[in-house]
Amino acid sequence: MDEEQVFKALADGSRRILLDALFASDGQSLADLQVRLPMTRFGVMKHLAILEEAGLITTRKVGREKFHYLNPVPIQMVYDRWVD
């Protein structure tokens, strides 16, 4: 886990909205997540790519759709380092 990538990913409000959406209902498609943000499909895809690079989400492709899942482990590791 690269902590710099995790902090960079968490620094953006749009990415936090996406993480909150996945926390509320895991396994959402791009179309499901796009309705939560006032931006283009491509913009949401860029945010999701940053979250995936940081390890904060994982994906699974089913047919032509890609489903996104929250991975709380990097956030827990940061929490354990400074709070626990």
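Visitor: Hi! How many positive and negative side chains does the chain have?
Guide: Hello! This is a predicted model, and its chain carries 11 positive and 12 negative side chains.

Visitor: And how far apart are the centres of the two sets?
Guide: Those centres lie 9 Å apart.

Visitor: Is Arg 15 buried or exposed?
Guide: Arg 15 is buried, yet it has no salt bridge.

Visitor: Which side chain of opposite charge is nearest to Arg 15?
Guide: That would be Asp 12, at 4.4 Å. A salt bridge would need a side-chain nitrogen of Arg within 4 Å of a carboxyl oxygen.

Visitor: Where does Arg 15 lie, and what does it touch?
Guide: Arg 15 is part of helix 2, which covers residues 13–24. Leaving aside residues up to four places away in sequence, Arg 15 touches Lys 8, Ala 9, His 47, Ile 50 and Leu 51.

Visitor: Okay, new topic. How many helices and strands are there?
Guide: The chain has five helices and three strands. Along the sequence they come in the order α-α-β-α-α-β-β-α.

Visitor: What about the overall size?
Guide: The C-alpha trace spans about 40 × 25 × 20 Å along its principal axes.

Visitor: How much of the chain counts as buried?
Guide: Of the 84 residues, 31% do. The chain exposes about 5500 Å², with carbon and sulfur atoms supplying 54% of that area.

Visitor: Last one: what share of contacts join residues at least 24 apart?
Guide: That share is 51%, among contacts between residues at least 6 apart in sequence.

Technical notes. Residues numbered from 1 in each chain as written. Predicted model: local features only at pLDDT ≥ 70, side-chain atom pairs only at ≥ 80, totals over all residues. Heavy atoms only, no water. Helix = DSSP H or I, 4+ residues; strand = E, 2+ residues; numbered from the N terminus. Buried < 20%, exposed > 50% of the residue type's maximum accessible area, 1.4 Å probe, protein only. Contact = heavy atoms within 4.5 Å. Areas by Shrake-Rupley, 256 points an atom, 1.4 Å probe, with all protein chains shown as cover. Lys, Arg positive; Asp, Glu negative; His and termini not counted. Charge placed at Lys NZ, Arg CZ, Asp CG, Glu CD.
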